Amino acid sequence: MFPGCSVYFEVVTGTDVNKLSEEEMVFFTDYYVLVSKKEDRISNPSDIINKSIGVLADELSLVSYYIPANSEITYTSFNEIDELQKGLEGNKVDYIAIPKT
């Protein structure tokens, strides 16, 4: 909270958005997509077990919040979008996570 201000910010995910009161509002929504060279269909989190995901270094903490890294899912960070694309093209990663918007 900011001194002298009654405004606060909160990260709301998934169906929690539907639980907002009339006094609260959503002012920004993030969407990320996983892109692959293959025609993989991902219908649940287990579909990406043992896969590697490329992500821009400055977005790693945000993406890994939604898809936590563990021994079954690994992240490779890239500093530039061109490096990220080359990582996918060169098979260094199975997917890249990029903003949809």
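Visitor: Which residues of helix α2 are buried, and what makes them count as buried?

Guide: In α2, which spans residues 81-89, the buried residues are Leu84, Gly87 and Leu88. Buried means a relative accessible area under 20%, exposed means over 50%, and partly exposed lies in between, with a 1.4 Å probe and protein chains only. Helices (H or I, at least four residues) and strands (E, at least two) are DSSP runs, numbered from the N terminus. This is a predicted model, in which local features need pLDDT of at least 70 and side-chain atom pairs count only at pLDDT 80 or more, while totals for chains, interfaces and linings use all residues. Residues are numbered from 1 along each chain as its sequence is written, and side-chain values use heavy atoms, with hydrogens and water left out.

Visitor: Why are the buried residues of α2 said to be on the same side?

Guide: The buried residues Leu84, Gly87 and Leu88 cover an arc of only 95° around the axis, and therefore they lie on the same side of α2. The arc is that of the directions from the helix axis to the C-beta atoms. An α-helix has 3.6 residues a turn, so residues three or four places apart point the same way.

Visitor: What do the buried residues of α2 pack against?

Guide: They pack against β1 (32-35), β2, β3 and β4, where contact means heavy atoms within 4.5 Å.

Visitor: What makes a group of residues a nonpolar core?

Guide: The name is given to a set of buried Ala, Val, Leu, Ile, Met, Phe, Trp, Tyr and Cys residues joined through side-chain atoms within 4.5 Å. The largest such core here has eight residues, namely Ile48, Ile53, Val55, Val63, Ile73, Tyr75, Tyr95 and Ala97. Two or more of its residues come from each of β2 (51-56), β3 (73-78) and β4 (95-99). A second, separate core has six residues, including Leu56, Leu84, Leu88 and Ile96.

Visitor: Why is Lys51 called partly exposed?

Guide: Lys51, which has its place in strand β2, has a relative accessibility of 26%, and because this falls between 20% and 50%, Lys51 counts as partly exposed. Leaving aside neighbours within four places in sequence, Lys51 is in contact with Glu72, Ile73, Thr74, Asp94 and Tyr95.

Visitor: Why is Asn50 called exposed, and what is its phi?

Guide: Asn50 lies in the loop between β1 and β2, and because its relative accessible area of 61% is over 50%, Asn50 counts as exposed. Although Asn50 is not a glycine, its phi is positive, at about 65°. Most residues other than glycine have a negative phi.

Visitor: What makes Asn91 exposed?

Guide: Asn91 is placed in the loop between α2 and β4, and its relative accessibility of 57% is over 50%, so Asn91 counts as exposed. Asn91, not a glycine, has a positive phi of about 60°.
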